[in-house]
Amino acid sequence: MTKADIVSEIAKSTGIDKQTVLNSVESFMDIVKSSLSEGENVYLRGFGSFVIKKRAQKTARNISKNTTIIIPEHNIPSFKPAKTFLNEVK
């Protein structure tokens with residue numbers, strides 16, 4: 001399912017025009033991205049949580065040059081679904 005499909009489904013079920021729904025969906029995504037970039041987790045009760053996970057520094061190998069490189073510690077975004085969400089999917 002794409003963003004356009006989501007917008008169409010919401011517009012069909014609520015009766016709101018697609019442009020308004022598209023603006024709302026994009027605003028939601030912008031708010032989630034900006035919150036995560038500031039280190040703030042986003043919790044949506046009954047749906048799940050968008051959280052920041054910290055990856056530790058590690059040593060990796062560049063196979064083509066046969067050298068080792070150090071990958072620094074960094075943060076990555078992650079989604080953890082709620083228990084009710086998991087039960088519906090199962």
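Analyst: Two strands count as paired if DSSP finds at least two bridges between them. The model is predicted: local features need pLDDT of at least 70 and side-chain atom pairs pLDDT 80 or more, while totals for chains, interfaces and linings use all residues. Residues are numbered from 1 along each chain as its sequence is written, and side-chain values use heavy atoms, without hydrogens and water.

User: What makes β2 and β5 a pair?

Analyst: Eight bridges join β2 (residues 48-55) to β5, and the two run antiparallel. The definition asks for at least two, so the pairing stands. Within it, Gly48 is bridged to Pro81 of β5, and Ser49 to Lys80. Both strands are DSSP runs of E (at least two residues; helices are H or I, at least four), numbered from the N terminus.

User: Why are β1 and β5 placed at the edges?

Analyst: The open sheet has three strands in the order β1-β2-β5, paired antiparallel. β1 (42-44) and β5 (74-81) each have a single partner strand, so one side of each lacks a neighbour in the sheet. From one strand to the next, the twist averages 30°.

User: How do you know that α2 packs on the sheet?

Analyst: Helix α2 (residues 18-37) touches β1, β2 and β5, where contact means heavy atoms within 4.5 Å. Its direction makes about 35° with that of β2; the axes are lines fitted to C-alpha atoms, for helices over the stretch in contact, and angles run from 0 to 180 degrees between N-to-C directions.

User: What lines the largest pocket, by class?

Analyst: The lining has nine nonpolar, no polar and two charged residues. Among the lining residues are Lys3, Lys33, Phe28 and Leu44; Lys counts as charged, Phe and Leu as nonpolar. α2 gives the most, with five residues. A pocket is an open set of points on a 1 Å grid, where a 1.4 Å probe fits, with protein on both sides within 12 Å along at least five of seven lines; lining residues have an atom within 4 Å of a point.

User: Which domains contribute to that lining?

Analyst: Domain 1 (1-39) and domain 2 (40-89) each supply at least three residues; the bounds come from an automatic or database assignment. Six residues of domain 1 are in contact with eight of domain 2, and the C-alpha centres of the two domains lie 23 Å apart.
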